[in-house]
Amino acid sequence: MQTAPAIRVADLCFSWSDQGKLVLDHCSLVVPKGEFWMLLGTNGSGKSTLLRLLSGLAVPQSGMLEAGQPVGFVFQNPDHQLVMPTVGADVAFGLVSEKLSLSETRLRVEEALQAVNLVHLERRPIYALSGGQKQRVAIAGALARHCEVLLLDEPTALLDPDSQRDLVEQVRRLVKTRGLTALWVTHRLNELEFADGAFLLEQGQVVDQGDPLRLRERLA
Ligand SMILES: Nc1ncnc2c1ncn2[C@@H]1O[C@H](COP(=O)(O)OP(=O)(O)OP(=O)(O)O)[C@@H](O)[C@H]1O
Ligand SMILES: [Mg+2]
């Protein structure tokens with residue numbers, strides 16, 4: 001049975017200024033629910049812009065886009081998104097608008113930290129975390145909000161090879177055990193072995209998609 005897509009983009013056009021060049025130029029793609037897809041493409045091809053549009057941080061000039069709600073966004077640099085002094089407080093911060101009871105909030109934070117193996121660091125100050133740990137706190141924040149769709153913009157760019165592998169494996173496991181859907185932007189071709197599929201973006205258009213290992217060979 002074909003499952004409904006969790007992310008759908010059709011004929012999307014976007015420019016950062018009124019008369020400017022189209023950064024996304026009739027872009028179309030579909031990510032099925034419960035799958036882990038990667039988004040590849042050279043610098044400036046429009047990957048981060050597409051994630052911004054999907055998360056509602058920017059509005060397209062034309063075309064259609066849909067993403068299962070809520071959407072969680074993990075930035076390349078976690079220092080741009082962790083705002084509270086400790087791990088637990090930061091994960092709880094994303095729940096403020098949901099008006100949960102204290103015990104519900106605690107449960108959500110515990111569950112989310114467990115999912116990324118960070119329970120033991122709940123009281124740790126953010127400044128005393130490694131880059132990979134910060135990325136996992138950012139992911140826990142999205143999990144605590146029960147996000148359906150996880151958008152990750154080069155989450156491993158700052159990580160060493162071991163931490164890189166840990167993070168990509170962990171996200172794959174979360175996708176497969178929780179029915180989440182993830183779109184992961186990367187320049188690191190060795191991550192493609194963990195993906196269900198991949199898109200190649202060139203000048204704002206999807207020019208190739210499908211088997212991640214075929215795309216890895218094409219780009220190697
Ligand atoms: N806030 C912004 N205002 C104006 N132009 C922008 C803005 N953000 C990105 N751009 C431009 O849009 C184009 C696409 O940028 P984008 O950040 O989406 O590329 P990318 O594929 O993520 O590249 P990279 O691999 O370097 O992260 C670039 O030409 C960039 O200069
Ligand atoms: Mg980018």
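Two strands count as paired if DSSP finds at least two bridges between them. Strands (E, at least two residues) and helices (H or I, at least four) are DSSP runs numbered from the N terminus. In this predicted model, β8 and β9 run antiparallel and are joined by 5 bridges.

The model is predicted, so local features need pLDDT of at least 70 and side-chain atom pairs count only at pLDDT 80 or more, while totals for chains, interfaces and linings use all residues. Residues are numbered from 1 along each chain as its sequence is written, chains are lettered from A and ligands numbered from 1 in the order in which they are written, and side-chain values use heavy atoms, with hydrogens and water left out.

**The sheet**

The strands β5-β6-β7-β3-β8-β9, in that order, make up an open sheet of 6 strands with mixed pairing. At its edges stand β5 (71-74) and β9 (205-210); each has a single partner strand, so one side of each lacks a neighbour in the sheet. From one strand to the next the twist averages 20 degrees, where axes are lines fitted to C-alpha atoms, for helices over the stretch in contact, and angles run from 0 to 180 degrees between N-to-C directions.

β3 (residues 36-40) pairs with β7 (residues 181-185) in the parallel sense, over 4 bridges. Within this pairing, W37 stands opposite L183 in β7. Helix α1 (residues 47-54) packs on the sheet and touches β3, β5, β6 (149-153), β7 and β8 (197-202); contact means heavy atoms within 4.5 Å. The direction of α1 makes about 150 degrees with that of β6.

β8 and β9 form a hairpin with 2 residues between them. In its turn, Q203 has a positive phi of about 45 degrees. L201 has V206 in β9 as its bridge partner.

**Aromatic pairs**

Rings of Phe, Tyr and Trp (its six-membered ring) pair if their centres lie within 6.5 Å; planes under 30 degrees apart count as stacked, over 60 as edge-to-face and the rest as tilted. The count by this rule is 4 aromatic pairs, and the table gives two of them.

| Pair | Centres | Planes | Class |
|---|---|---|---|
| F14 and W16 | 4.9 Å apart | at 85 degrees | edge-to-face |
| F73 and F75 | 4.6 Å apart | at 10 degrees | stacked |

Relative accessible area sorts these residues as buried (under 20%), exposed (over 50%) or partly exposed (in between), with a 1.4 Å probe and protein chains only. F14 is buried at 4%, whereas W16 is exposed at 53%. F73 is buried at 12%, and F75 is partly exposed at 24%.
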